[in-house]
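Please walk through the structure below, chain by chain and interface by interface. The text starts with a single contact and then widens the view.

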Amino acid sequence: MYKPVIGLEVHAQLSTKTKLFCSCSTEHENLPPNTNVCPICMGFPGVLPVVNKKAVEYAIKAGLALNCEISNYSKFDRKNYFYPDLPKGYQISQYDLPLCRNGYIDLYVDGEIKRVRIKRIHLEEDAGKLLHIGSGDRLSESDYSLVDFNRAGIPLIEIVTEPDINSPKEARLFLQELRLILRYLGISSGDMEKGSLRCDANISIQTEEGKFGTRTEIKNVNSFFSLEKALEYEIERQIEILKRGEEVIQETRHWDEKNQKTVSLRSKEEAEDYRYFPEPDLPPLMVTEEMKNKLKSEIPELPAKRRERYLALELSPVDVEILVSDKDLSDFFDKALRIYGNAKNLHSWLSVEILSYLNENKLEFKDLDIDSERFVKLIEMVDKNEITRPVAKEVLRRYLTKKEDPLVIIEREGLRVVSDTSYLQDIIKNVISNNSKAVEDWKKGKKQVINFLVGQVMKETRGRASLDVVKNLLEEELNKL
Amino acid sequence: MRTLREIKKIYENKEANVKEVVESYLEKIKEWEPYINAFLHIPYEDIEKQIKELESKSPNLPLYGIPIAIKDNILTKNIKTTCASKILENFIPPYDATVVKRLKENGAIIIGKTNLDEFAMGSSCENSAFGPTKNPWDIERVPGGSSGGSAACVSAGEAPISLGSDTGGSIRLPASFTGVIGLKPTYGLVSRFGLVAFASSLDQIGPFGRTVEDIAITLQIIAGHDPMDSTSSPYEIPNYLEGLGKSVKNWRVGIPKELWYKGVSEEVLKTLENSFGVFKEMGVTIEEISLPSLEYALPVYYIISTSEASSNLARYDGVKYGYRDFTAEDLISMYKQTRGKGFGSEVKRRIILGTYALSAGYYDAYYLKATKVRRLIRIEFEEAFKKVDIIASPTSPVLPFKLGERISDPLQMYLTDIMTIPVNLAGIPAISMPAGFYNNLPVGIQFMSSFFTEDKLLQFAYAYQQFVDFSKKYPTLPNKERV
Amino acid sequence: MERRDFKEQLKKTAHLARLHLTPEEEELFAKQLQNILDYFKKLQELDTSNVEPMAHVLPLYNIWREDEVKESISQEEAFKNAPEIEDLGFKIPRIMKREE
């Protein structure tokens with residue numbers, strides 16, 4: 001057998017206002033280099049770290065949401081190594097007593113539940129950024145580099161799984177679900193392209209029960225699909241090696257996006273000795289039951305629960321996924337559902353009117369300023385035939401783009417469906433007298449002509465008459481002739 | 001050549017203004033510096049600015065117009081801070097250490113930065129990259145280290161008070177060698193923010209002075225919680241002056257047999273004999289106690305402090321500040337050459353020791369073991385303070401030694417700290433008081449007390465100084481002697 | 001430990017610490033440090049099997065601060081001591097050694 005055995009190591013930037021150990025702002029997108037820095041995050045002589053309480057709270061929330069045990073006693077440690085983006089020459093992290101341990105995420109893979117266990121979650125600080133200047137793109141071709149410390153000190157949580165994942169697809173699903181959970185918690189934007197979510201993978205091939213193969217580490221994966229592709233490539237590569245009767249070398253490999261393959265990093269350095277020891281500048285953390293309970297109460301309904309609930313409403317799995325994958329969208333859905341009740345119809349409206357709009361304009365739901373009560377009112381008006389579907393669509397558009405209150409527009413511009421029979425009969429009589437040829441045709445038996453006549457009536461009412469009502473009245477009048 | 005009380009009187013009676021007082025000290029500095037090299041840097045322009053700023057401040061501030069010298073491993077904004085190292089030779093800090101801020105807020109004038117063993121690593125002040133400081137009592141001898149400059153300048157009268165730092169005795173030893181008072185507060189009492197870290201779990205900033213009252217006044221200003229230092233004590237601080245002058249009758253003084261006699265030189269023992277008589281006159285009871293784990297204090301200290309130091313000094317890499325070797329063509333060479341050339345031998349030795357003690361395969365036997373023995377030492381002190389109020393010992397096992405005498409054998413040098421090190425390991429406060437002279441060389445006695453009982457410690461030291469007072473005994477300028 | 005073995009150990013450690021040692025320093029340090037490390041072995045005499053390590057002297061817990069942005073130093077002050085700045089970044093030499 002050739003069974004892939006995969007473990008993931010995920011780093012997520014926490015969306016706190018300030019860095020982990022100093023009060024610098026965590027904003028670093030589109031900023032000139034070295035703008036949000038201070039002596040502390042730059043590792044100046046004499047500085048000391050002070051923990052950001054919110055970061056600890058976010059990390060605990062992550063642990064609770066991932067079903068972990070939250071450690072009563074947890075401490076920080078120094079991870080010592082030299083690299084220019086590491087200003088102190090050590091990273092403050094957590095080594096043997098992390099904040100959270102022994103959790104899990106359950107995934108739906110091909111109709112079955114797959115549990116991926118979480119070994120640990122811990123807090124650590126991010127490093128700065130390096131810009132390599134030189135003849136080529138790669139590190140090895142640069143002539144020199146520039147260091148920017150804006151990112152140094154931003155809080156990270158590192159989430160490590162047990163090697164429970166057995167396919168590239170499972171790995172991708174895991175990462176997507178993890179990201180979703182972090183976004184639901186509001187503790188990280190989980191954006192792989194922007195670097196607020198990073199993932200390294202460890203993979204080996206198991207050929208015998210009970211024996212584990214040699215694993216390689218895959219780095220530089222920058223999207224969910226790269227993760228899947230990189231793992232697919234690596235699995236094949238390792239299997240080929242094993243088939244040839246050779247041994248897989250334990251090493252770190254780099255995913256080359258351009259050439260779609262993993263490449264061995266030529267650094268022949270032996271494994272770094274990080275010389276971990278307890279951080280003397282920071283007292284340990286003791287998480288009380290009180291803290292845990294308060295934070296637990298702040299956790300919203302998570303994706304798994306929400307999925308269950310929507311499936312019970314008999315929405316299709318595809319529709320459920322659409323809703324759940326965007327917390328703001330499904331929060332809105334829930335709000336509307338509370339006053340409306342017909343989940344399927346509600347979802348259909350959302351999907352057709354709102355989501356298509358978002359797609360066209362490359363927006364996210366949270367960018368919209370839309371009130372659930374008004375939205376529901378529109379749907380109800382269509383249900384009751386008070387307005388036509390096309391009118392509702394148009395009014396909704398104007399609401400979304402120009403923020404005009406739809407209910408106000410409907411009244412002000414008189415967009416309600418016209419069902420006043422006498423008013424309609426007058427128009428019908430007019431249309432009949434102005435279209436004698438069509439009427440003749442109808443009398444001769446060409447019954448389809450009625451559609452033309454209906455069209456004329458609709459034109460007169462500027463589309464505001466109910467189609468069925470007009471057709472019925474017209475038939476009545478025609479029959480009278 | 002005055003105490004704080006005397007300087008304050010001068011201002012009150014308008015006998016002189018701040019500029020004049022400061023200038024008199026600058027004169028003294030000019031006289032002594034060619035002989036002792038206590039100062040690395042006198043910021044003349046900044047001093048003028050400080051004096052000017054003082055004009056708009058209240059003369060009732062506790063340290064109004066008091067000149068104070070600061071050890072050059074404590075950051076002073078816009079005033080060069082070098083840690084006596086080539087690697088920070090031109091470093092100009094963009095911020096003030098918390099203690100410096102507090103001193104300035106209370107009217108003090110920073111008169112200069114004093115010499116030290118490079119990065120506070122040393123016991124003799126011979127490891128400075130800018131030349132050693134000499135002992136004002138005998139310029140062929142060391143002033144002790146690592147706060148040699150801060151001690152020497154108060155000893156010679158170049159400043160009435162100064163600040164030093166103490167990791168394994170670096171305040172108390174030079175105080176003993178130069179005949180002044182030096183206090184190491186309880187770990188966590190004084191903020192370490194802005195103190196260049198040597199060993200994070202051992203470092204503390206403390207004052208030098210000539211009277212216990214001056215020590216208490218200074219401590220009152222610099223002590224107390226600092227939100228920028230997570231290891232700083234959150235507790236309220238007492239009034240350190242209140243107890244001065246109160247009786248210490250019937251207090252119990254512990255004499256640990258491990259710190260007396262064995263390893264202490266005849267000369268030191270002889271000079272300190274006098275103190276036992278003094279204790280009798282003070283009305284205190286003397287009790288012999290035993291602290292057996294002290295025998296292991298030295299290796300524990302040198303493992304823990306070098307381990308922490310090896311990590312704390314990793315930031316000196318030529319990237320963000322300080323010296324860089326520009327001839328290196330690639331990063332790793334740049335790191336190695338910068339640090340190889342920028343650091344002195346003792347610093348390099350300790351970095352290697354510490355790196356070794358933390359490395360894979362050695363961590364358990366060295367670092368982990370040391371932190372366990374550290375707990376044993378601490379427990380022993382805690383137990384001892386249930387039985388006694390004060391523990392007394394010689395500050396140094398030897399008289400101030402000659403320059404060059406111990407420099408070639410690091411282990412010999414380390415043994416100088418054998419009396420002072422246990423205090424830092426336990427985290428308790430201790431003070432070195434001038435206790436006598438042997439052949440005109442100062443000998444100090446060390447008093448320790450329990451955590452956060454500096455008020456008691458100072459009360460006791462004050463009482464001692466009523467009987468043994470060298471506050472008015474100053475060394476004479478070497479050229480004067482030759483006449 | 002063998003003198004030769006220790007010198008190797010010394011070289012490895014110096015590399016870990018990114019310290020260049022001259023051959024003279026290597027000779028001198030090997031001797032001095034060996035001495036000191038032998039002295040450290042004294043600690044093995046003590047039985048610490050039931051003792052907790054002590055990493056912090058003060059028994060403090062949960063020391064933290066609120067998540068509020070505070071202004072600090074200006075970019076100019078951050079660069080004041082920099083060995084080399086280019087395009088607002090700290091310039092460093094090439095990270096990889098040039099291939100021969």
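Which residue of chain B forms a salt bridge with Asp281(A)? The partner is Arg192(B), and the closest N and O atoms of the two are 2.9 Å apart. This is a predicted model, and the distances and counts that follow are computed from it.

That pair sits in the interface of chain B and chain A, across which the rule finds 1 salt bridge. Polar contacts across this interface come to 15 residue pairs, with both residues at pLDDT 80 or more. On the side of chain B that touches chain A, three helices each supply at least two residues: α9 (297–312), α10 (331–342) and α11 (345–358). By class, that side of chain B consists of 22 nonpolar, 10 polar and 6 charged residues.

The extent of this contact can be given in residues and in area. Chain B contributes 38 residues and chain A contributes 32 residues. The two chains bury about 2700 Å² between them, and 63% of this is on carbon and sulfur atoms. Of the area that chain B buries against chain A, 21% comes from Ser230(B), Arg315(B) and Lys320(B), more than from any other three residues.

The other interface to follow is the one between chain C and chain B. Here the contact takes 54 residues from chain C and 72 residues from chain B. About 5800 Å² is buried between these two chains, with carbon and sulfur atoms giving 68% of it.

One salt bridge joins Lys42(C) to Glu295(B), where the closest N and O atoms are 3.0 Å apart. Across the interface of chain C and chain B there are also 21 residue pairs in polar contact, both residues being at pLDDT 80 or more. Elements of chain C that each supply at least two residues to the side touching chain B are α1 (3–16), α2 (23–40) and β3 (89–93). The most comes from α2(C), with 10 residues. The side of chain C that touches chain B has 33 nonpolar, 9 polar and 12 charged residues.

Next come the chains themselves. Chain A has 15 helices and 17 strands. Its radius of gyration is 31 Å, well over the 23 Å that the globule rule gives for 481 residues, so chain A is more spread out than a compact globule. A box around the C-alpha atoms of chain A, taken along the principal axes, is roughly 100 × 55 × 50 Å. Of the 481 residues of chain A, 54% count as buried. Among contacts in chain A between residues at least 6 apart in sequence, 70% join residues at least 24 apart.

One residue of chain A can be looked at in detail. Glu125(A) is found in strand β8 (residues 112–125) of chain A. Is Glu125(A) buried or exposed? Glu125(A) counts as buried because its relative accessibility is 7%, and the cut-off for buried is under 20%. A polar atom of the Glu125(A) side chain lies 2.9 Å from the backbone nitrogen of Ile92(A). Leaving aside residues up to four places away in sequence, the residues that Glu125(A) touches include Leu20(A), Phe21(A), Lys88(A), Tyr90(A) and Gly153(A).

Chain B contains 16 helices and 11 strands. The radius of gyration of chain B is 21 Å, close to the 23 Å that the globule rule gives for 483 residues, so chain B is as compact as a globular protein of that length. The C-alpha trace of chain B spans about 65 × 55 × 50 Å along its principal axes. Of the 483 residues of chain B, 69% count as buried. For contacts in chain B between residues at least 6 apart in sequence, 76% join residues at least 24 apart.

Within chain B, helix α7 (residues 212–222) has 10 of its 11 residues buried, so the helix is largely enclosed by the rest of the structure. Among the buried residues of α7(B) are Glu213(B), Asp214(B), Ile215(B) and Leu219(B). After α7(B) comes Gly224(B), with a positive phi near 115 degrees.

Conventions:
Residues numbered from 1 in each chain as written. Chains lettered and ligands numbered in written order. Heavy atoms only, no water. Contact = heavy atoms within 4.5 Å. Buried area = accessible area lost by both parts, 1.4 Å probe. Salt bridge = Lys/Arg side-chain N within 4 Å of Asp/Glu carboxyl O. Polar contact = N/O pair within 3.5 Å; in protein donor to acceptor, adjacent residues only side chain to side chain. Helix = DSSP H or I, 4+ residues; strand = E, 2+ residues; numbered from the N terminus. Nonpolar A, V, L, I, M, F, W, Y, C, P; charged D, E, K, R; others polar. Rg over C-alpha atoms; globule rule 2.2 N^0.38 Å. Buried < 20%, exposed > 50% of the residue type's maximum accessible area, 1.4 Å probe, protein only.
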